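Colleague: Hi! Could you walk me through this one? I'm new to reading models.

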Amino acid sequence: MQPTGSAAEYWKANVRLLVGCLIVWFVVSFGFGILLADVLNHIHLGGYPLGFWFAQQGSIYAFIALIFFYVWKMNKIDKQFDVHED
Amino acid sequence: MELQTMIWLIVGASFALYFGIAIWSRAGSTSEFYVASKGVHPVANGMATAADWMSAASFISMAGMIAFMGYSGGAFLMGWTGGYVLLALLLAPYLRKFGKFTVPDFIADRYYAQSARVVAIISLLVISITYIVGQMTGVAIVFSRFLELDLFWGMVVGMAVVFSYTVLGGMKGITYTQIAQYVVLIFAYTVPAVFISLQLTGWIFPQIGLGATMTGSDMYMLQKLDQVLVDIGFTEYTINNNFGTLNMFLLTMALMVGTAGLPHVIVRFFTVPNVRDARKSAGWALVFIAILYTTAPAVGAMAMFNLIKTIHPAETIAEDTLLYEDRPQWMRNWETTGLLTFNDKNEDGRIQFYNDGNREFAAMAEEQYGWKGNELTVNRDIMVLASPEIANLPNWVIALVAAGGIAAALSTAAGLLLVISSSISHDLLKGIIAPKISEKTELLAGRIAMSAAILLAGYLGLNPPGFAAQVVALAFGLAASSLFPALMMGIFFKQMNKEGAIAGMLAGLFATLAYIFIYMGFLFIPGTNLFPNNADYWLFGISPLGFGTIGAVINVVVALLVMKMTKPTPAHIQDMVENIRVPRGAGKAVDH
C-alpha cells in the first residue's frame, strides 16, 4: 500500500520540521561550541567567553528550547493533518 | 555531629526510602517487571528518566573531568544533553507508536528476522556491560571514601548493595524509586554548588556565579581561574582543549548519537501513555538533566580553583606552598582510599602541585624554587565528592553528596541491569531459545543474568580503563555505532532491509569494539592492548573515545551497500513503517 496523499504530505511536513530543528541543534553545539569557539571567545558574556559559554551552558539551554518547540509545532501538524491521538 | 555519623545517618535514610518504595511496589507479573504499568505522567517519567540517565559518570566523574580539562570538558556536557534532541525528534515517538517492550523487539519486527534480534541483543549486552563497569567504579569510590575502606573493599560493599537492591524489585519499583533518587541526587549536587558559588562570587545560581566577578574583587571567576592555572604551568581553563578540535567534535557526536541509542533510556519511552507524551517526556527529561548539567561546569571550575588555593594559599608560586604536615582533613581522608597521593620529590615537606608536563615551566620551577616534579596526584573522580570538603562546607552537606553519588550510581546500575536481565530472559530465552518457559522461570533467569553482570562489572571496574566518565563514554560509542543507525534507518528509510541492517550493526559494533580493544586492552584487561593509548598511535589521530562516530558511519555505509545487493524489504514491513510514522492509533504496549 502506498501512503495516501495526505499521509505523504504529513510525513513531508514532519521531515521539514526535523531538518530545521537539527540544523539549529548542529549550529549551537558543533558550530558555536566547537568549530567557531575560538572566534566567539573574543566576545564575552559577563566573565564567560562566548564560545566557552556555548560549549558549557548555552547549547544545553538551546536543546531544551528546541525539543519543546518541536513538540508544540508537531502537535499542531498532527491536528492539521488529522492524525492526532484522541 | 561527627562527619562519619552524619554520613551513616543521611545515606541510611536515603536507602530506607528506596527500599521502602521498592518493597511497597514490588513487581508481581512479568509485564510489570519490565515496563511498570502504563500511564506514567510525562513529568514523572522525565524525572525518572533523568535519574536513570544521570549516573556515577554524570554525578561523580563529569565535573572532575571538566575541572581538569577546562573548555574541552564541554564535549561531555553537550554530548550527554544534545542526544535528547535526537531522541525526541528521531526515535521516541515512533518507538512508542510501535508499542513493544524492548529494543530487540523492535529490531526483530522491523527487520523481520530472529537473527536481527540476536545481533541487537549482542549490541545491547556489550553496551550495557561497558556502561555498568563505569558505574561500579563510581560506586566503589563512594563506598571506599565514606566507609574509609580501600578501593577493593569499597567495590565489594558496592556490589553487595547493588545486588540486594536490583534483584529485589522490578521496573515498577524502579520508576518510583528513581523519582526519589532524582530528588536526592539533584539536591546533593546543587546544594554544595550553591554554597560554593555564594562563597566565591556571592551568586546563588552557580550558572551565573561562574560568569560573575569574585567576591571582593572586580576580577571574573573564570579570568582568575585562567590566571592561577597559567601560574602553575597549565593552559588557560577557558581555552584548554585536551582533545583537539577533531576529537572534541567526534566525541561530542558519539555521545549524542549514543544517548539516542542507549537501550535503557529508549525503554523509558515505551512507558508513556501516548505518542504526544513520548515527545514531551524527552523534553522534561532534559529539563531535569540540565539542572545538573548546567551546574557541573561551575562545580568543576570552582573545585579546581579551591584545590589550587588550598595548595598555594598565597595565590602566587613565589610564596611557600602548603606544608604536608598542615594538610587539611579531607586530604588525609582521601589518602586512605589511595585516590589522592603525595610524593615529596624534593623532600621539602611541602606539597607542590603544578604541570610538570610543561617542560619550560618545569625547568623554570626547578631552577627558581627547587621543585622536582608535581607531588600531588588527584584522581579526577574524587573532585565532586571532595569539593564540599575542600570548601569547608558543613558536615551535613558532605554527607548529602555521598548519598547523592550513591543514588546516581544505583539508579543507573539498576536501569541497566534491568535491560540486561530482560534481554537475556525475555528477548533471548523466551523470544528465541525456549518460547514455552513459565513466567517464573523467566524472572529467575533474569535475576541470574543480573547477578552475573554485577560480578563481571565489579571485576572489570576495579581496573577500569579510564575514569568513570571515560568508560561510560565508550559505552556510548558502542551504542552510536550499533543500535542507533539501525533504529533510525528502520523509521526513516523504508527500503532498509534485514540484510543491510544486520550487516551494518555488526560492522559498526565490531569496528568500534576492535578499535577500543586495540588501545585499551582486550576486555579492558590491562596489558593486553596492542598499542599505547595516545595520539601518536591513533589511526588518523582519532581517539577511541570518539570512534563511535566513525563506527556509526561504517554502520550506515555497510548497511547501504549490502541493501543494494540483496532482496528489497517486503511490502507488509513497509506498511508497518508507514503506520508507525503516524501518531494516531497508538494502543497500549503489547507483549507477544
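Colleague: What does chain B average in pLDDT?
Modeller: Chain B of this predicted model averages a pLDDT of 85, and 94% of the residues score at least 70.

Colleague: And where in chain B is confidence lowest, and where highest?
Modeller: The lowest confidence in chain B is in helix 2 (residues 30–35), with a mean of 50. Helix 23 of chain B (residues 547–565) is at the other end, with 94. Where pLDDT is low, the predicted coordinates should not be read in detail.

Colleague: Good to know. What ipTM does the predictor give the complex?
Modeller: The complex gets an ipTM of 0.93, along with a pTM of 0.89.

Colleague: How many residues of chain A are in contact with chain B?
Modeller: Chain A brings 37 residues to that contact, and chain B brings 44.

Colleague: Which element of chain A gives the largest share?
Modeller: That's helix 3 of chain A, with 16 residues. Helix 1 (5–35) and strand 2 (48–49) of chain A also supply at least two residues each. By class, the side of chain A that touches chain B has 25 nonpolar, 10 polar and two charged residues.

Colleague: New topic! What domains does chain B have in the assignment?
Modeller: The assignment gives domain 1 as 3–307 + 391–430 + 439–480, and domain 2 as 317–384. Their C-alpha centres lie 32 Å apart. Where the domains of chain B touch, 24 residues come from domain 1 and 18 residues from domain 2.

Colleague: Which element gives the most on the domain 1 side?
Modeller: Helix 4 of chain B does, with eight residues. Helix 7 (114–146) and helix 14 (275–311) of chain B each give two or more. That side of domain 1 of chain B divides into 14 nonpolar, six polar and four charged residues.

Colleague: Back to helix 4 of chain B. At what angle does it pack with helix 18 of chain B?
Modeller: Helix 4 (residues 56–69) and helix 18 (residues 395–433) of chain B pack at about 135 degrees, with their axes 7 Å apart. That angle is why helix 4 of chain B is oblique to helix 18 of chain B.

Colleague: Which residues make the contact?
Modeller: From helix 4 of chain B, they are B:Ala56, B:Ser58, B:Phe59 and B:Ile60.

How values were computed
Residues numbered from 1 in each chain as written. Chains lettered and ligands numbered in written order. Predicted model: local features only at pLDDT ≥ 70, side-chain atom pairs only at ≥ 80, totals over all residues. Axes fitted to C-alpha atoms, helices over the stretch in contact; angles between N-to-C directions. Helix = DSSP H or I, 4+ residues; strand = E, 2+ residues; numbered from the N terminus. Parallel < 35°, antiparallel > 145°, perpendicular 65-115°, else oblique. Contact = placed C-beta atoms within 7 Å. Domains from an automatic or database assignment. Nonpolar A, V, L, I, M, F, W, Y, C, P; charged D, E, K, R; others polar. pLDDT = per-residue confidence, 0-100.
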